[in-house]
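Hi there,

Here is the structure I promised to pass on. Have a look at it first, and then read on for what turned up.

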Amino acid sequence: MDSLFSDIQGHASVKSGLIHAMKTGRLHHAILMTGVAGIGKSMLARAFIQAVMCEQSTPEALVRCGSCRNCQRIAKGMHPDVIEIDESTATIKIEVIRDLQQRLSFAPYESDRRFVIIQDVHKMQDAAANCLLKTLEEPEAHTTFFLITSQVQRILPTIVSRCQVIRFAPFNFEEVAGFLESRGITPESANQTAAMAGGSLGAGLELSAGDYKTEVIEAFEKILHVSSTLDGFGIAAELKGKKSLSDPILSLLQIYLRDMLVLKLVPGAPVILRHYRPMMESRIANVSEKNIQRASLLLQEINEAFLGNVNELVAWERLVLGMHGVLF
Ligand SMILES: [Zn+2]
C-alpha cells in the first residue's frame with residue numbers, strides 16, 4: 001500500500017484506485033464519491049489533490065509532504081486552482097453553478113491542472129444540476145471534479161451517468177470502536193458510541209464530544225420502553241424537531257435487532273450492546289426471527305423517509321410505533 005494516505009483510515013482500494021488512475025493518466029474527469037457522512041470522502045479527495053499538486057510530487061512518485069506551499073494552501077482551502085463549493089444553505093442554486101462555470105472559463109492560474117470539489121452535491125436544485133451537467137458533458141482536459149454526497153439516490157441519473165462512482169464502504173463496528181479507543185475513549189464508551197455511529201468515524205467522534213450522545217441514549221431508551229400506542233404517539237411528538245437524532249437512533253436500533261437475532265439463534269452468544277442484554281433476554285422468547293427481520297426492514301424504510309421530504313412527525317411515529325408493534 002502506498003504510504004501517501006497512511007494518516008487517513010481505511011478505504012484502501014479507493015486510495016490505490018485513485019493513485020493508479022493518476023499514474024497511468026486515466027483519472028476520470030468527474031468522480032462521484034458516495035457514502036455516509038463523516039466517513040472520510042472529502043478528506044481523501046483533498047489528500048489526493050495535495051498529492052497531485054505537492055511541490056515534492058512527480059507523476060511517477062506521488063507524494064504529499066503536507067508542508068510545502070501547495071499542500072498548505074490546499075489544506076486551508078486557499079489554492080486558486082482548487083475550487084470548493086460548500087454551501088451552508090439547504091439547496092445549491094443555479095447561480096452557484098453559473099459562477100463556477102464562469103471561473104472555469106479561464107485557464108488554471110498556477111498549474112496545468114485544476115480541481116473542483118462540490119460538497120453535498122445532492123443539494124443541487126434541478127436547474128443547478130442540469131447546468132452542471134453541461135459542464136460534465138464537455139469535459140476539459142485539465143479540470144477534475146470531485147462530487148461528494150451522502151445521499152446518492154437524490155442525484156439526477158444523468159449526472160451519475162457522467163461520473164465515475166466511488167462508493168465508500170462504512171467502517172465495521174470493531175473498526176469504529178477501535179478508532180475511538182485510539183483517541184483515548186474508554187472501551188465501554190467506545191463500544192456504545194460505535195453502535196450509534198453507523199459506520200462513520202466522523203459521527204463517532206462527534207458523538208463522543210458532547211451532550212448529543214446523552215440525548216440519543218435517552219431517546220433510544222424511551223423507544224425501547226414504549227408501553228402503549230398512546231405512549232408511542234407522545235414519544236414521537238417529543239422527538240419532533242430532533243431530526244439530527246434519527247441517524248444514531250436508527251443505527252442503535254439496527255444493532256439492537258442484530259443482537260436480538262444473534263441471541264435468538266445462539267442463546268448466550270456475545271452481543272454488542274452488552275448493557276441491554278438482560279432486556280433482550282427477557283423479550284427474546286416473545287419475538288420471532290421473522291419479526292426481527294421485519295423490524296430491520298422497517299428501519300431501512302424509515303431511514304429513506306428521513307432523507308426524503310416526508311413529514312418528520314409521521315416518520316417518528318412510524319419508527320416508534322413500528323418498533324413497538326413488531327418487536328416488543
Ligand atoms: Zn507538499
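Leaving aside residues up to four places away in sequence, K240 touches E312, L313 and W316. This is a predicted model, so please read everything below with that in mind. K240 sits in the loop between α11 (229-239) and α12. Is K240 buried, exposed or partly exposed? There are 14 other C-beta atoms within 10 Å, so K240 counts as partly exposed.

D247 has 23 C-beta neighbours inside 10 Å, and a residue with 20 or more is buried, so D247 counts as buried. From D247 to R318 is 71 residues in sequence, while in space their C-alpha atoms are 15 Å apart.

The crossing of α12 past α14 is left-handed. On the α12 side, the contact is made by S246, L250, L253, Q254, L257, M260, L261 and K264. On the α14 side, E289, I292, A295, S296, L299, I302, N303 and F306 take part. Sorted by class, the contact of α12 with α14 has 10 nonpolar, four polar and two charged residues.

Helix α7 (residues 173-182) packs with helix α9 (residues 201-209) at an angle of about 50 degrees, and their axes are 10 Å apart. How are α7 and α9 oriented to each other? With that angle they are oblique, therefore neither roughly parallel nor roughly perpendicular. Their crossing is right-handed. Here V176, F179 and L180 in α7 meet L201, G204 and S208 in α9. The residues of this contact divide into four nonpolar, two polar and no charged.

Next, do find helix α2 (residues 41-53). Its 13 residues should span 18 Å at 1.5 Å a residue, and the end C-alpha atoms are 19 Å apart, so the two values agree. How much of α2 is buried? The count is 11 of the 13 residues, so α2 is largely enclosed by the rest of the structure. Among the buried residues are K41, R46, F48, Q50 and M53. What do the buried residues of α2 pack against? Their neighbours are the helices α1 (12-23) and α3 (69-75), together with the strands β1 (30-34), β2 (82-85), β3 (114-118) and β4 (143-149).

Finally, the overall view. The protein chain has 15 helices and five strands. Its C-alpha atoms fill a box of roughly 65 × 40 × 35 Å along the principal axes. Of its 328 residues, 36% count as buried. Among contacts between residues at least 6 apart in sequence, 70% join residues at least 24 apart.

Enjoy exploring it!

Best wishes

Key: Residues numbered from 1 in each chain as written. Predicted model: local features only at pLDDT ≥ 70, side-chain atom pairs only at ≥ 80, totals over all residues. Axes fitted to C-alpha atoms, helices over the stretch in contact; angles between N-to-C directions. Helix = DSSP H or I, 4+ residues; strand = E, 2+ residues; numbered from the N terminus. Parallel < 35°, antiparallel > 145°, perpendicular 65-115°, else oblique. Left-handed = near helix turned anticlockwise from the far one by under 90°. Contact = placed C-beta atoms within 7 Å. Nonpolar A, V, L, I, M, F, W, Y, C, P; charged D, E, K, R; others polar. Expected span 1.5 Å × (residues − 1). Buried ≥ 20, exposed ≤ 12 C-beta atoms within 10 Å, placed from the backbone.
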